[in-house]
Every structure is written in C-alpha cells, then in structure tokens.
Amino acid sequence: MEEHHCCMYSKMASKCSISLIVISLTIVLMARVLYVIYRCGKPFPKGASQSLSTLIVLGSGGHTAEMLSLLSVLRKDRFAPRFYIAAATDNMSLQKARSFEDSVADKNAGKEASSQFMQIYRSREVGQSYVTSVWTTIVAIAHALWLMIRIRPQVILCNGPGTCIPLCVIAFLFKVLGIRWSSIFYVESVARVKKLSLSGLLLYKLRIADQFFVQWPQLQKKYPRAHYVGCLM
C-alpha cells in the first residue's frame, strides 16, 4: 500500500514538473512576442550596416507596378542586395522587375548588379478546391520557410499579394525565436480606398508589419496605427 502511494506521489510530482515547464515556456514565449511587438517599428540601431538585404514581394495586376514605382524613389545602395519574389505562376512580374533592375544598372554603369529573382509556390490557385489546397498550403509554407532561411532579409517590402503572408509570418517567428530581425514595411494598394485587403488586414490586426502605410486618408482614420503617405502612383 505504501509502495502504491509512493508511486502515485511520484507520478503527480512528474506531472506537476511538466506542467511548470510548459507554463514557464509559455510565459517566456508570450513575453518575447510582446517584446517583438513593442520593438517593431523602432529605427535600426546605430551600428546597423549601411546596406540592408531587402526582400521585395511582387504580385500580379497592379501590385508590381505600384511596387516598382515605390522602388524607383528608394536609395538603391541602401536597400541592397535586392531579392524579388513572385508566385510560381506569375512570370510577368519578374520580367518587369528584371527590366527595372536593368534600367538601374544602366544608370549605375560599372557597378555590379545586386539583385536576384525567385518564385514561390502559392497556397491556393484561383478556382482550386479547398480539399486539395490543404496539401498545396503545406508545400507553400515549407517553400516559404526555405526561402527565408536562404535569404535572411533585413527588410521586407510588400503591398498586398497573398504570397507575402507566409513570408511575413515566418519573418515574425524568426524575430520571436531570435533567428533574424527583419523589418516589415507594408504599403496598402492604392486600389484599397475604404477597407484593407485581406493581406493588409491580417498584417495590421496581428501586428506583424513594423510600418503600415495607406494611400487614402479615410483608411488612416479607420486604422489609426497606419501612416497616410498619399498616392504613390
């Protein structure tokens, strides 16, 4: 009987220890998440490198045109090297990005090109069933993780395509885990006048974006943490 009680006490002590470890890890993780959210948006430290490796997420339709318009006014030497990513089924965006980089290279004759072009799997194609999209979503997340480990960007620029979500979420997790600190800058599309896109809403509500910009004043009133910058096109 005494042996039975000892065994029970031992099991209870073991369960308590495991519970304490889980609770402790949860508290540490939550504290780290809160710190990352607090730290997001702060300027780069004084010792930061002069050039920042930059990941640029492109999207079909007007997303790429808007992004290239934004890039045209940025300091190319500051945001370099540049890594362009578009969906695997979107060839036009990368072609436009290559043309843009060629024009930059022509203006800076003699300087070595500092850009790379990549594609990423989409979680779900237009018209794809939700059942089959479960597998493609897993593949897309794994591919996004591999790309983020490979690139390890210091800056991420995006403006709405759905392909930016897994990349930004992984970047946020990297911050929490102390793997890499990537500053995420999100510029909502000029087409969004009264409400945010789904990508923008997720990044805003989850506080994943370090800086969030909108191009219409009514959006800034509706989402006060956003910065109104006027129409960029």
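**View 1. F212 and its contacts.** Leaving aside neighbours within four places in sequence, F212 is in contact with Y186, L196, G200, Y204, R225, A226 and H227. Contact means heavy atoms within 4.5 Å. F212 sits in strand β6. Helices (H or I, at least four residues) and strands (E, at least two) are DSSP runs, numbered from the N terminus. F212 counts as buried because its relative accessibility is 4%. Buried means under 20% relative accessible area, exposed over 50%, and partly exposed in between (1.4 Å probe, protein chains only). Y186 and F212 are 26 residues apart in sequence, and 5.0 Å apart in space, C-alpha to C-alpha.

This is a predicted model: local features need pLDDT of at least 70, side-chain atom pairs count only at pLDDT 80 or more, and totals for chains, interfaces and linings use all residues. Residues are numbered from 1 along each chain as its sequence is written, and side-chain values use heavy atoms, with hydrogens and water left out.

**View 2. The whole protein.** The protein has seven helices and seven strands. From the N terminus on, the elements run α-β-α-β-α-β-α-β-α-β-α-β-α-β. Of the 233 residues, 37% are buried. Take the contacts with a separation of 6 or more: residues 24 or more positions apart account for 71% of them.

View 3. Seven strands form an open sheet, in the order β3-β2-β1-β4-β5-β6-β7, and the pairing is parallel. β3 (115-120) and β7 (227-228) stand at the edges. Each has a single partner strand, so one side of each is left without a neighbour in the sheet. Helix α5 (residues 164-177) packs on the sheet and touches β1 (54-57), β2 (82-87), β3, β4 (155-158) and β5. The direction of α5 makes about 155° with that of β4. Axes are lines fitted to C-alpha atoms, for helices over the stretch in contact, and angles run from 0 to 180 degrees between N-to-C directions.

**View 4. Strand β5 and its partners.** Strand β5 (residues 183-187) is mostly covered: four of its five residues are buried. Two strands pair if DSSP finds at least two bridges between them. β4 and β5 run parallel, joined by four bridges. V155 has S183 in β5 as its bridge partner. β5 also pairs with β6 (residues 211-214) in the parallel sense, over three bridges. There, F185 has Q211 in β6 as its bridge partner.

**View 5. Strand β1, covered on both faces.** In a regular strand the side chains alternate between the two faces of the sheet. On one side of β1 are T54 and I56, on the other L55 and V57, and all are buried. β1 pairs with β2 in the parallel sense, over four bridges. The bridge partner of T54 in β2 is R82.

**View 6. The cavity.** A search of the whole structure finds one cavity of 30 Å³ or more. The largest cavity has a volume of about 40 Å³. A cavity is a set of points, on a 1 Å grid over the protein atoms alone, where a 1.4 Å probe fits but cannot get out; lining residues have an atom within 4 Å of a point. A volume is the space filled by probe spheres set on the points. The lining of the largest cavity is E66, M67, L70, N159, V187, Q215 and L232. Helix α2 (residues 62-71) gives the most to this lining, with three residues. By class, the lining has four nonpolar, two polar and one charged residues. Ala, Val, Leu, Ile, Met, Phe, Trp, Tyr, Cys and Pro count as nonpolar, Asp, Glu, Lys and Arg as charged, and the others, Gly among them, as polar.

Definitions and conventions:
1 Å grid on protein atoms, 1.4 Å probe; cavity = no way out; pocket = protein on both sides within 12 Å on 5 of 7 lines; lining within 4 Å.
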